[in-house]
Structures are given as structure tokens and as C-alpha cells.
Amino acid sequence: MQVNNTLKTMITIVMLVLALAGGATTAAADDDVLNIAVPTDPDSFDPTRSVAAATAEIAFNIYEGLVKSTPEGKVAGALASHWEIDPSQTVYTFYLREAYFHDGSPVTADDVVNALNRARDPQISQRAGNYQAIASVYSLGDNRVVIELKEPYAPLLYELTELAAAVYPKAASGLASRPIGTGPYMLEEWRPNQYIKLVRFDRHWSGQKPFFREVYFRIIPDYNSAVISLKTGNIDLIPRLEASFLHQVENVPQLTIHAAPMNVVQLLAVNNARPALSDLRIRQAIAMAINRDQIIIGAAWGQAEKLHTGLSPAMPEFYNTDTADLLPYDPARAQALLSEAGYSNLELTMTLPSAYPLHVQTGEIIADQLRRIGINVKIEIVEWGTWLEKVYNQRDYDLSVVGLTGKLDPHTSLSRYVSTNSRNFTNYRNPEFDRLIDEGIRVSGPERKAVYDQAQEIMTKDVAAVFIMDPMQLNVLDAQIKGWLNYPVYVIDVAALYK
Amino acid sequence: MRYLRDRIISFAATLLLISAVTFFAVNVLPGDPALLILGTEGDPERLASLRQELGLNQPVLIRFAGWLTGMLRGDLGRSIRYSVDIAPLIKNALPVTLLLAVSGVGLALLISIPIGIGCAVRHGSLFETLSLVMTQFGMALPSFWLGLLLINLFALRLGILPPAGYTSGASLILPALALALPRAAVLIRVVRGSVLDALNQDYIRTARSKGLPQYMVLYKHALKNAAVSIAAVSGVQLTQLLGGTIVIEQVFGLPGLGQLLLAAALMRDLPLVQGLVVTSAALILAVNFGLDLVLLSLDPRLRYE
């Protein structure tokens, strides 16, 4: 009897399991629901607080500023339909469209002025430093907003595309978890470690209705699981899949891959202030010992674009292609430079961030390449918090590999190498470079391009760092989903997707 | 009564000690939340103002005292990583881990008891040899790898279970199985050993000689005796899982305590780490207490020690 009972219990459990399983597989079939896998939660949906890229890519669909970035890396109108810049390049007048917030209230010039004033207030905003060129912001009537600058500042429009300059109702509070914007989607629910659910906003100023009614950003930290979920149809899209997973998703008929440069500058940071490394010949020897092709095959599975300066070729307007020939791969010349400098048996430590396998593997290959010219490299792998403290904050390191996210304007990426800049963790110093960066924000057009071309040439020749590659982002989609747009910044444009 | 009072006092003392140790341990780690939040875009002014805002400038002891008084008032504080209150974060994650751990151990018991008894009863048979070889494999398999194999088979090839994420009860089947199999392997050996041990006792011979049928001998006498060691081992397994399903939660994308703890530790989100450590510690202490009660009821001899 007792044995029979156990058997019955077992059968019941198995049936229950199967019933539950059946329920789970039929649930994921809604046609206007999109499921996107992301590895981590956002930090905060408050535009003045958020600094994480994980937030920006989702918030792009929720918030808008006066202007927004386009897939081509240009600036287009968002809440402002158009704008005028006066001849002195210091007064920007924006003309607002008729638009509504997710809570139904109309967007007023007052809301815009409030949001921008908060964005530039260091007491309130994490990103206030980016808006210090602004002298004042005020409204002219109901539909005009004026931004006055202290002096010409060419990157202004690009800075206004950032999440930090997003517009929200003046009276709004608690935006961190309940954002109110004007974008094509509004946040319905955020369950940390589970999902972020967006629903379509039917009163978007464009009058266009995105295809997907509901969008889930599902938190799946493990890329293996995410890829399998994509193959089983539980997930429709994985943005920014690491290149090492390429072989799992290529040649799969039900998937499409959109590959594009990430606009990340991966670099070998060379601490210019270390005794041996302050010698230009040693730095140039290191630069000429590095074979980028080998690194890209070995560490990035061939999925990357070479680069030779502090900008990514993903910004073709400003990237200086001539920098490729300044310090080409030449181990013999590298060795000659080393002996000229009088160093034999040079020993250096390379500190690598374990959170980023791409940078760790790149570092390992570089260490091997440097050994070939007689520089002994000891590798030290540390956790990200330790890396930030030791390498970035205290600048207590010889060599390191890291990736820096590019922005739409070259100033943001290049200004960190200015001698006095607090983000200049390679301790690079060249007064001529500093002067050029200062000049770059005052000029425009071809003149500006010439200034940055020269600055890039100087930093490459001086080896402010050895610039390696821009890794490709692999955006993998269910083949039924069309309309994917690659952006040179961290965003997922959900409204453009359809089936 | 005295027993209960002593247990409660030691419970509170242990919690206090554990929370103090984690607080200071996280504090000596290099890097702080301000640095991690700002990343490679940080500069000294913003670091300083963010540290001020997050209260990181105060001495460690004051911060610990502040956390402790809040905790005693039932206020776990706000998470730095998620910018929301901690209590609801833990409240949402707790059932997932609890369910996962309990079903993992439950499943392990369901698998191991019949097989273990079978091995003991058919001592020296081919069934026993095969089972023991399988348990060797089971013990050597890491749960996360087993998890990936299970996902591959049930989600990718057969398509009957979801691969990752937490959408329904079905989401827990594969992870529970991945946790259960290696633990079942251990338990099979425990069940087999203790039943075998019991079967060799004099009282079993007596029971047999008075003509009791085999299943009565097994279930009424042998298994009851073996239950003490089975309960002890599976109890320990349960406490291990309550604090240690991080990897499985990661592989299956489950929103449990483990994932929350990992995210919190990586961001040096001290209030959240503290809240989670105290929660897991309380759970583990409670399970241990329950286990003691179960053992006492199973083995009256323990009551007099």
C-alpha cells in the first residue's frame, strides 16, 4: 500500500510539472510584445542621477531632450522642432513642438528651463560638469527656450542629446523608479533583477505609433542562457552580445545579426608618470611592439576595428585616419628604441579588470608581444572596484587595458588627455595638445576638424596611450523582427522595430 | 523554556556578529560605491560630492551604528545600486531563493530515498554498483554545468521548459533539478549507508523473525532509524543552498537573493549587502533551529544530552 502511495505522489508531481511546463511555453506567443535580454538592471531613471550605460539604452525610449542623436551620429530635433544659433555662437534659441508627457500634461517652456537648470546644477546633477559652458537658460513665451553660453562651446548640441539633459515635468518627483518623459514608450513596471516593462505611449508628438505595444527588458546576466532563450523564442533580441558568442548565433536561420562598431576606444593605458615610461622612446617602443591584428583575432574573434588614436573610426567625421602610419607595428624598430633608451630587462606590471574578459585577453596577448622585444610584463588581474580605485583613481599602475565609451562629440573623448584633466589617468602631458583641445570648442566646421586632426596626431606620436581597437557590437535578433538601427551611442531604439 | 530563551539570545548575538563582520569586511575592500557609480568618467569633485551625499565620509563606526539603529527600528534603508528601498527588494527575492532551495533539497530527497533503500536492500547487486557509479558522477558535476546541460536538453532540444528568467513556477524546475542531482548523489550514499547499518542491527533481526513483511521492516524500523542522518545531511544541504544559489540564479537568470547579493557586492552597496546577509543568516539560523527540533523528535536519546 505504502509503495503504491509513493508511486501515486510521484506521478502527480510529474503531471504537475508537465502542466506547468505546457503553460510556460504557450505564454510567449503575443505578436506585439517584444522581449529584450539585458545583463544588468538600470541604476536610476532620474536623469540627474543616472550614470550607467545600462540605463541610458532603456531610457532613450522613455525620455527626450530638446534634441536627440540619430543613427548616423548627428543631432536631430526632438522636443525642439528647430533652433537658431546667433553669429557669436553663444545664444541658442530652441522652438518647442506641441508635445505631451506620459502623465498627460503638455510640455511647457518652463519644464524645459527647469530640467536644464537642474542638469547644470552641481548640487543636483551627476553630469553637471558637462553643462558648465551654459551661463543661463530662460524661456521666451510659451514655445521658445534660450540657452546662453559663457563662450562658444561647439559640443553643446551633442551634450543636449544625453539622458542628463532630458525633459520631465517641473512638478515630478520620484523619477528614479517612476520616470515621466515624452518618449514613445513609458515605464509601467520595474522589478529589479527580473524585468523592466515599457508600454507604448499613444500621444507621442511624432503622431507615430510604434509596432510593439509592450516591451520587456529581461535581466539575464549569463549570456549562455540569453542565447538559448533567443533560440527558443523566449527572447527576441540580445543587444551588444560579446564577440566570443558569435559562433553560437551565426548561421542560425531564425536569427539575424547586426554588427557595428561600438564607439568604444579600447586602449593600453601607459602610465606616463612612471620613471621608465616617462621616456618617450620606451613608450614608442611599446607602441611599435603591438600587433593589433593578432589581438583582434585572439581576443575579439576578429570582430573589431583597429584604431590608432583616442577616437573611434565609428566617428568618421573626426577620426584621423593618418594616425595609422605614425607608429606602425615594427618589433625591430621597437627593440632598437629600447636599447637606445638604455633599458635592458625592463620589468612592468599590467593591471587588468577581471569584469571585462575582452580587456584581460587583450592584455595577455600584449604582455606576450612585449616579452618578444624584451620587456617583462607581470600580469595582475583585479576586480572592477579595485581597478577603479588603484588604476583610475590613484593612478598607481604601469600598464592596463580598458575601454572608454565614446560620445557623439570628439571633445568629450579627447579632453580627458589634457594635463590638468582629472580623468587623465595615463598622466599624459603636452602643452600643445592642451592648447588644441581648448581651441577645439571655440571653432567650427573644417577649422574644428583640422584642430582635432592635429591633436590626434600629437597624442598618438607621444603615446598618451596605445590605442588598440573598437570592438564590434553584435545585435542579434529574431529574424522576424525588422527595423534595427545601429547607433554610435548606447541606445536601443525600440520604436523603430517591427515585425 | 530556558532552552528557547538561550536559543533566542544566541540567535541575536550571532546575527549581530555576522552583520558587524560583513560591514567591516566590505569596508576594507578597495573601491567604494561613489567610485563604482561614476566609473571611468569620475573626477575628484564629483566623487567628493557623491561620497558626501551617500554618507561615505563618516567614520565606519558611526555608519555601522546608524545602520544598526535603523535595522532595529525595522528600517533596512535604501539601496545605492537600485535607488529604491531595500525591504521590498528583499521581499521580492526571498520567495524565489526559498522555493528554489526547498524544492532542490525536496527533489534530492525524492530521488535519493528510493534509490538509497534499493541499494541497501539489494546490497551487492548490479543495481547497487550502477547506482554508486552514478553517484560518483553526480558528486563530481558542478551544478552550473549541469544547469547548462539541462537547459540544452529540456529548453533547446525538447522545448518543454523555459531556459531562463522567472515567468512561472515552471521556471524553477530546471534550476531545482540542477541543484538536486548533485545533492541526491550525496544523499543516496547517506541513505544507503544508514539503512544498511540499521538492517544489520539486532532489532531488525527480531522484527524479521516475528514475521513482519519486508516493507514493514523497512519503513517502520530501518528507515525510521536512518531518518536521523538523512535529516541531518539534508538540513545542512538546505542551509547551504539558502546562502549559496548565486551561481544557479545567475545561470538561470532567477531574481533571487543570490543575484541581488552579487549585484550589491559588485557595487559595494553596503546597505543592501547588509540587509541580504542578515536575511540569509536569519534564515539559516531558523533552519538550524528547526532541524534541531526535527532531530529531537526523531531521536529521543538526543533530548537528554
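In this predicted model, chain A has an accessible surface of about 19700 Å², and carbon and sulfur atoms contribute 51% of that area. Buried residues account for 57% of the 499 residues in chain A.

The charged side chains of chain A comprise 43 positive and 57 negative groups. The centres of these two sets are separated by 2 Å.

As to overall form, the C-alpha trace of chain A extends over about 85 × 75 × 40 Å along its principal axes. The radius of gyration of chain A is 25 Å, which agrees with the value near 23 Å that a compact globule of 499 residues would have. The secondary structure of chain A consists of 14 helices and 18 strands. Among the contacts in chain A with a separation of 6 or more, 68% join residues 24 or more positions apart.

| Quantity in chain A | Value |
|---|---|
| Buried residues, of the 499 residues | 57% |
| Contacts between residues 24 or more positions apart, of those with a separation of 6 or more | 68% |
| Accessible surface belonging to carbon and sulfur atoms | 51% |

In chain B, the residue B:Gly243 lies in helix α10, which covers residues 214-243. B:Gly243 has a relative accessible area of 42%; because this value falls between the 20% and 50% limits, B:Gly243 is classed as partly exposed. From B:Gly243 to B:Gly42, the C-alpha to C-alpha distance is 34 Å, and the two are 201 residues apart in sequence.

How values were computed:
Residues numbered from 1 in each chain as written. Chains lettered and ligands numbered in written order. Predicted model: local features only at pLDDT ≥ 70, side-chain atom pairs only at ≥ 80, totals over all residues. Heavy atoms only, no water. Helix = DSSP H or I, 4+ residues; strand = E, 2+ residues; numbered from the N terminus. Rg over C-alpha atoms; globule rule 2.2 N^0.38 Å. Buried < 20%, exposed > 50% of the residue type's maximum accessible area, 1.4 Å probe, protein only. Contact = heavy atoms within 4.5 Å. Areas by Shrake-Rupley, 256 points an atom, 1.4 Å probe, with all protein chains shown as cover. Lys, Arg positive; Asp, Glu negative; His and termini not counted. Charge placed at Lys NZ, Arg CZ, Asp CG, Glu CD.
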